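Welcome, and thanks for taking a look at this one with me.

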Amino acid sequence: MKRPIQSVRIPFSPKFAAVVGINEALFLQQLHYRLQISTNIHHGHKWVYNTYKQWTDEFPCWTIHLIKRLVTKLEKEGLIITSEYNKMPMDRTKWYRIDYEKLSQQGGEFVPFEQTESVYSEEQNRLSEKSVLLPAITKELKQTTKNKRASEKNLATISSVIEYLNQKASKRFKCRTNATMNILQDRMEEGYTLEDFKLVIDTKTAQWLNDPQFRNYLQPSTLFKAEKFENYLNEAPVKTARSIGYEVYKSPELDFGKGENIYGL
């Protein structure tokens, strides 16, 4: 039986929301809460790191597009500072902190410290009682439960995609690894289909398979990466799209030599 998701209480200040906006206030107050319990310190500041997809886990009513737009706005206004302290160069996950000095200059009433401290104390009590951390703020729990979201239909699609990739690129990838399941599940949640995955595989194997430098990039982490997948899909030639069942639009041929003479002659 699936355990019901508990909600993290985010103190909300209407006065603060009037200054920065409702969505902006919610995001900043959740980030403020996360910073209070963060153990990630760089250059004397606490940081919180999250992918855009992980932010939607904390705010299920928001889309990835909305969060990207929200983060960009807060960055431009200088209310948040972002950076990257990831160990792997290919990992582009953003790290976030609040510029409290800039925030105070705007005259906004931020979350009272005693409220945040109260939430923090409750969280520590849960830890001391060996309770499970709340899903909205626990990266480890999200990682362990993420693969359970895949339905049987999605698992069949994942298996078909990896089998097709292995066949086309002469690889031996496994479809049940966490990384592979996660990246394919993410793309399927964005609306991509089995045909889309096959089209990308066809396109990139045609380009890379016989190239000693690029053939190593024929792997799920590269082909189905969020930042690249749509571009790869749009690289597909018309002939390839037609070969796997895509309907390709063809302009009608117009013959102006036919038809009646407007003068009746």
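1. Helix H9 (178-189) gives the largest share of the lining of the largest pocket, 6 residues. Helices here are DSSP runs of H or I with at least four residues, strands are E runs of at least two, and both are numbered from the N terminus.

2. Please keep in mind that this is a predicted model, where local features need pLDDT of at least 70, side-chain atom pairs count only at pLDDT 80 or more, and totals for chains, interfaces and linings use all residues. Residues are numbered from 1 along each chain as its sequence is written, and side-chain values use heavy atoms, leaving out hydrogens and water.

3. Other contributors of at least two lining residues include strand E2 (45-50), helix H4 (64-76) and helix H12 (226-234). By type, the lining holds 13 nonpolar, 12 polar and 15 charged residues; Asp, Glu, Lys and Arg count as charged, Ala, Val, Leu, Ile, Met, Phe, Trp, Tyr, Cys and Pro as nonpolar, and the others, Gly among them, as polar.

4. Now for the largest nonpolar core: among its 23 residues, Leu184, Phe197, Ile201, Leu223 and Phe224 touch the most other members. Such a core is a set of buried Ala, Val, Leu, Ile, Met, Phe, Trp, Tyr and Cys residues joined through side-chain atoms within 4.5 Å, with buried meaning under 20% relative accessible area (1.4 Å probe, protein chains only). Helix H8 (152-169) is one of the helices that supply at least two residues of this core, and H8 gives the most, 6 residues.

5. A second, separate core has 22 residues, including Ala17, Trp55, Leu79 and Tyr96.

Key. Buried < 20%, exposed > 50% of the residue type's maximum accessible area, 1.4 Å probe, protein only.
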